[in-house]
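Subject: Structure handover and notes on local features

Dear colleague,

I am passing the structure below on to you, together with some notes on what turned up in it. Could you read them with the structure open beside you?

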Amino acid sequence: MDFPADLTQSMWGDVVKQCGGDAAKARAMWTGVSEENDRAEKDRKIRTLANNFPTLDKGIIEEHLAANDWDVDAAVLPLWQVVEKIRDDEKRRRDEAEAKQRQVARAAKQKEANEQARMFLRNLFAQVAEDKIQDLLDKNEGDVSATTDQLLQFTREQSREAELQKLKQEQELMRKQAALDRQLKFDNLKARFSEFVSEEEIAEALEKGAWDLKEVTRVLLTMTEARKLEQLQRLFGALSNEQIRQALAKHQWDIKNAMVELRQVQAEMRKAAQTPEPVIVQQPVPEPVSVPEPVQEPELERTPTAEEQERMEALMNRSAILEKELTEIIEAQREEARALEPEAIFKKILEDKLRFGPEAVPGLPGMVPLTPKIIDQMQGKKPFENSAAPVAPAKEALPDEKGEPDVKIASNVTLVLKASPAVVDLGQKITVEWDAQAFDGTYAPTTSDWIAMYKVGAQLNQYSTWNWIGKASPQGSITFAASEFGKFVFRYFAKSRTNLLATSEPISIGPQYDMSANQVGEQKKIAVKITQQSGAIYPNAWVGMFDASQPDNRYYLTYQWCSTAVDNMLIFDVPKTGKYDFRLFPLKSYIHVSHCTLDLHGQDSLQLRLEGGLMTIRASIKTVDPAVESAWIGLYLTGERDQRQYKKYKYVTVAEGEVTFVAPKVGGLYDVRLFANKTLEPVVTSNSVRIE
């Protein structure tokens, strides 16, 4: 006969006897009793864990016990993870809400401070003219920070109660700073210890510890570690305090990792003892650990054991590490708060206004120093008064033609055209001869044929002048007057219908010169040698220096009269390296008759040295023209990547020379950088020098 596995045969016989020998009834009764006992055991386990996890719903506890076959020890860690997740979620929501509140408060404070700063700037510039501010900036060698401090001081001194106001401001600043410091300490300690220590306990510890972060951190760390130890003692009652403490210490007092290890230790102990599943012993929840009061030590102090000494040293080390971390966080938050102070915003806005104008050059807008060359350009100075380019001779209408001629080039050239002499000067005659018999004599010239004069490269409808050939003869000539400088060709057209039959070889009109250019030593000077080969002497001849890529003769860089040449040599000061073209103009016009080119090379250099509190820069500027390219030198901390953050600046107007700065009072490694053309890309950077 079958009977329940948890009963002996004799016990089962007693149960059947109680049921009048009805085995089915006995089995039903015993099953009910077993289920009731099983439910009672489960309820006991739920209550046990509910006492250890009072914040969890019993349904969650029952769910995790069932998932772990109702093994209490196995369910502890998963339930702890649930508690930790709930706590983390609540902390995250609380932190997000507090961060949002801080952001709103910071934005409001920033808005208020910006408005005060704008009002301050309006008042400042109403009292002090911009040119006076620029003068002050120049006296400070471009030191924006020093200039800003002086301007702020000036505004304070305008008040009758300046000193009293200053004292009140300092007192208020100290009060705000102290309040901010306390709030930052409290907030950061709460963020770090709120899991095991209440806000009231943190506030009490701060008061008792005189707001000494190091001391308060030690006290709160002691409380936190004690409560972690107590919590694990409740969960692992079968283990000794020393075992629990060692597990916490091993895992840097991380309670979650310590629980994993302690659970393994407890399981191994159970297995070794071969005992049934232990029941967690309920212990009363101890009172919260309060901040220890100073105790009057007895005269004879007990010497701590080596173990106690080691434990105390470990605590002090953890406390010191945590205190250092909190100090750094608080200092960063303190700096952020200082940046929102109205005067700090005043100073930053004013520094930004003084540091760079709208054209990316230092100084106030419109205060960039004017050089003589810039002034000349602004006034439009030219080498001669009547500087308009000459007008080409008017084009006369061709016979029987209206508008531009429809030119057709003959497929077979049947005559020869020759112009002479090959070189002429203004006012001289040019003879143009044609010969139709030089070929097979099949073409017979007519009185409607004509010859036109063209600049070399001109289109067929861009002639300078023209003439009929006159009589219809197979051979003949006509003359033209040399009226403008340049190289020209002559073209023969048939029967006034613009059939092009022949083109002459080119001729040159104007004086002929041999020109050459060479650099003078290592200097930025170019010597241009001029030798006249033919033609008249032109007293108003001049040579212009051009960027080689400039096609328009009106846009010269500088010029010299040929009459000032010494031994046929003109010396030009070149503003910077590059390729230059020197063009010779015989008249007060923009038509040149000869030219030469030179490519000038060189490198910029800045040599910085420190002597007796004075920083001297030896500048040799080759690749930019300080006279027109807004060149300036800025003093920087070496390694500074933001080119706007110079410490001082000065404009330079000459390519070779020395610039000096009074050495900054703040020590460090400094260098100087050259800028030009209203950009913040350094042209060249100097060596570095250290100021102690």
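The notes below go through backbone geometry, a helix, a charged patch and a strand.

Please keep in mind throughout that this is a predicted model.

Backbone geometry

The loop between α10 (241-250) and α11 (255-273) holds Q252, and W253 lies in that loop between α10 and α11 as well. Q252 has a phi near 55 degrees, which is positive in a residue other than glycine, and W253, although it is not a glycine either, has a positive phi of about 60 degrees. These values deserve a note because most residues other than glycine have a negative phi. As for solvent exposure, Q252 counts as exposed, since its relative accessible area is 63%, whereas W253 has a relative accessibility of 7% and therefore counts as buried, the cut-off for that being under 20%.

A further backbone feature is the cis peptide bond that joins S420 and P421, with omega at about 0 degrees; P421 itself lies in the loop between β2 (416-420) and β3 (423-424). In general, most peptide bonds are trans.

Helix α3

Which residues of helix α3 are buried? In this helix, which spans residues 58-67, they include I61, H64 and L65, and because these cover an arc of only 105 degrees around the axis, they sit on the same side of α3. An α-helix has 3.6 residues a turn, so residues three or four places apart point the same way. On the other side of α3, E63 and A67 are exposed.

Charged patch

On the surface, a patch of negative charge is formed by E130, D131, D135 and D138. D131 belongs to helix α5, which covers residues 130-139, and with a relative accessibility of 39% D131 counts as partly exposed, because that value falls between the cut-offs of 20% and 50%.

Strand β11

N518 is placed in strand β11, which runs over residues 512-519, and N518 is partly exposed, its relative accessible area being 48%. What separation do the C-alpha atoms of N518 and L600 have? They are separated by 9.1 Å, while the two residues are 82 residues apart along the chain.

Definitions and conventions. Residues are numbered from 1 along each chain as its sequence is written. This is a predicted model: local features need pLDDT of at least 70, side-chain atom pairs count only at pLDDT 80 or more; totals for chains, interfaces and linings use all residues. Side-chain values use heavy atoms; hydrogens and water are left out. Patches are made of residues with over 30% relative accessible area and no salt bridge: like charges are joined within 9 Å, nonpolar side chains (Val, Leu, Ile, Met, Phe, Trp, Tyr) within 5 Å. Accessible areas come from the Shrake-Rupley method with a 1.4 Å probe; for residues, only the protein chains shown count as cover. A salt bridge is a side-chain nitrogen of Lys or Arg within 4 Å of a carboxyl oxygen of Asp or Glu. Lys and Arg count as positive and Asp and Glu as negative; His and the chain ends are not counted. The place of a charge is taken as NZ of Lys, CZ of Arg, CG of Asp or CD of Glu. Helices (H or I, at least four residues) and strands (E, at least two) are DSSP runs, numbered from the N terminus. Buried means under 20% relative accessible area, exposed over 50%, partly exposed in between (1.4 Å probe, protein chains only). The arc is that of the directions from the helix axis to the C-beta atoms.
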